[in-house]
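I opened my notebook to get to know a new structure. Here is what I looked up, one entry at a time.

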Amino acid sequence: MEYKSFIGGAWHETSDSTPNVNPSDTSDILGHAAVGGADDMARAIDAASGAAAQWAKSTPQQRFDVLDFIGSEILARKAELGELLSREEGKTLPEGIGEAARAGQIFKFFAGETLRQTGDVLASVRPGIGVDVTRSPVGVVGLITPWNFPIAIPAWKIAPALAFGNAVVLKPAELVPGCAHALAEIISRSGLPEGVFNLVFGRGSVVGPELIGSNKVNAISFTGSVGTGRAIAADCGKLLKKVQLEMGGKNPMVVLDDADLDIAVDVSVNGAYFSTGQRCTASSRLIVTEGIHDKFVAAVEERLNNLNVGHALRKETHIGPVVDEKQLQQDLDYVDIATKDGGKVTGGQRLNRDTEGFFMAPALVTETTNDMRINREEVFGPVASVIRVKDYDEALAVANDTEFGLSSGICTTSLKHASHFKANAEAGMVMVNLPTAGVDYHVPFGGTKGSSFGSREQGTYAAEFYTTVKTAYTLP
Ligand code: ADP
């Protein structure tokens with residue numbers, strides 16, 4: 001399979017290509033992706049810029065039909081797309097199919113939103129004058145996406161961008177070209193005018209700056225690492241370009257003495273280790289009060305012993321491989337750092353399976369304190385640590401003592417503590433007796449502090465980023 005860039009309504013060859021490797025079995029090469037250069041990106045931006053005015057004038061019905069077509073096809077093909085996703089990214093097949101379905105649902109949601117675009121009509125404070133407030137498209141939006149949700153994250157940026165009348169240039173992550181290509185192929189048959197949607201493969205450091213620096217691109221939505229996000233925000237700041245960032249997390253899961261132990265273990269294991277811990281919403285700090293601490297740790301360790309790590313497409317697998325060798329090395333390094341800093345580790349070693357892949361036993365690091373590196377820096381792998389605290393007040397203080405603020409969870413049967421936590425957790429999303437990861441597609445997603453920047457993604461709140469507001473005064 002050759003994954004080509006899609007520019008101005010045509011598939012675009014490049015001389016250079018890079019293999020798409022299955023992390024469960026490195027002998028399985030799914031295809032080869034084009035490695036685009038700055039000139040390809042410039043062409044895509046020109047195509048988007050040329051098509052933006054026409055799409056901005058499209059009717060809600062035209063936009064609905066396009067988005068509904070894309071959503072319907074993704075949903076109808078969720079098993080096949082989910083398998084492709086699991087093969088190239090390494091999450092298990094049920095997780096892959098679930099993510100594909102979610103991408104379809106996102107397009108369906110925004111298809112509906114095209115018919116619900118409203119404004120405000122107000123009376124002026126001056127007599128006889130009317131005021132109306134409407135939303136217009138931003139223009140050309142550049143979308144930069146990571147490898148860990150290869151179809152859902154592109155979907156949750158592309159769908160609102162198109163629904164609100166913008167032209168798009170998508171730059172997906174290098175490790176997952178297959179899903180981006182499949183999505184572009186569906187979009188290419190959706191009835192969208194040529195040039196409104198463009199896909200450019202290539203290295204972030206090469207094609208990214210062209211996208212961010214272009215004066216024809218009006219806004220950038222980025223999901224990825226903190227370092228890249230900060231650099232993009234600084235560049236957009238200099239150009240006064242609208243920017244939205246979703247970055248890392250060091251998400252806490254607080255477990256109080258009065259928690260239901262089974263729920264606490266389920267929620268913590270799911271939040272920390274499913275999708276191989278490669279979610280920005282993963283629970284990486286388990287903050288546990290002393291009365292339940294030992295019971296909780298023993299129960300989590302027992303659960304981890306019963307989880308199968310293996311090939312993402314096998315039925316018996318609970319946890320697939322890490323995405324690539326570099327990420328696996330980073331995960332193993334953090335286990336070493338945690339041990340040297342005084343943590344006690346169970347699991348956390350590289351595993352051999354009957355295929356060559358990037359397998360790692362889930363790691364639980366106990367006896368840690370919140371100032372250790374393992375509790376300050378995002379690992380992005382199947383690694384979680386336990387911090388023992390004396391009571392709820394200390395748990396909340398530790399939960400909030402981080403530079404991140406994406407998702408915070410608590411397991412408790414106390415309404416008082418749950419209510420207090422919802423009000424006082426410094427995070428964009430709060431979960432009570434639920435995993436920190438795993439969110440709905442129709443409500444806002446995003447964080448506070450170092451996790452996010454700009455307005456929220458998803459749900460009706462996405463309008464804030466993908467439109468600009470116009471206030472018009474009329475004296476009839
Ligand atoms: P990760 O370490 O998880 O891959 P990155 O932030 O490096 O996170 O990558 C997220 C996305 O940002 C990818 O699509 C990547 O190609 C892109 N990217 C990387 N460097 C740059 C850059 N300098 N400018 C724009 N995009 C970039």
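I first settled my terms: helices (H or I, at least four residues) and strands (E, at least two) are DSSP runs, numbered from the N terminus. By that count, I found 15 helices and 23 strands in the protein.

A note on the source: this is a predicted model, where local features need pLDDT of at least 70, side-chain atom pairs count only at pLDDT 80 or more, and totals for chains, interfaces and linings use all residues. Residues are numbered from 1 along each chain as its sequence is written, and side-chain values use heavy atoms, with hydrogens and water left out.

Next I looked at burial, with buried meaning under 20% relative accessible area (1.4 Å probe, protein chains only). Of the 476 residues, 57% are buried.

Then I turned to a sheet, where two strands pair if DSSP finds at least two bridges between them. The sheet is open, has 7 strands with mixed pairing, and runs in the order β15-β18-β19-β14-β13-β20-β21. β15 (344-346) and β21 (429-432) are at its edges with a single partner strand each, so one side of each has no neighbour in the sheet.

Which strand do 3 bridges join to β13 (residues 251-255)? I found β20 (residues 407-411), running parallel to β13. Within β20, I410 is the bridge partner of V254.

Last, I checked contacts, meaning heavy atoms within 4.5 Å. Helix α13 (residues 392-400) packs on the sheet and touches β13, β14 (283-289), β19 (383-389) and β20. Among contacts between residues at least 6 apart in sequence, 72% join residues at least 24 apart.

Note on methods
Axes are lines fitted to C-alpha atoms, for helices over the stretch in contact, and angles run from 0 to 180 degrees between N-to-C directions. Buried means under 20% relative accessible area, exposed over 50%, partly exposed in between (1.4 Å probe, protein chains only).
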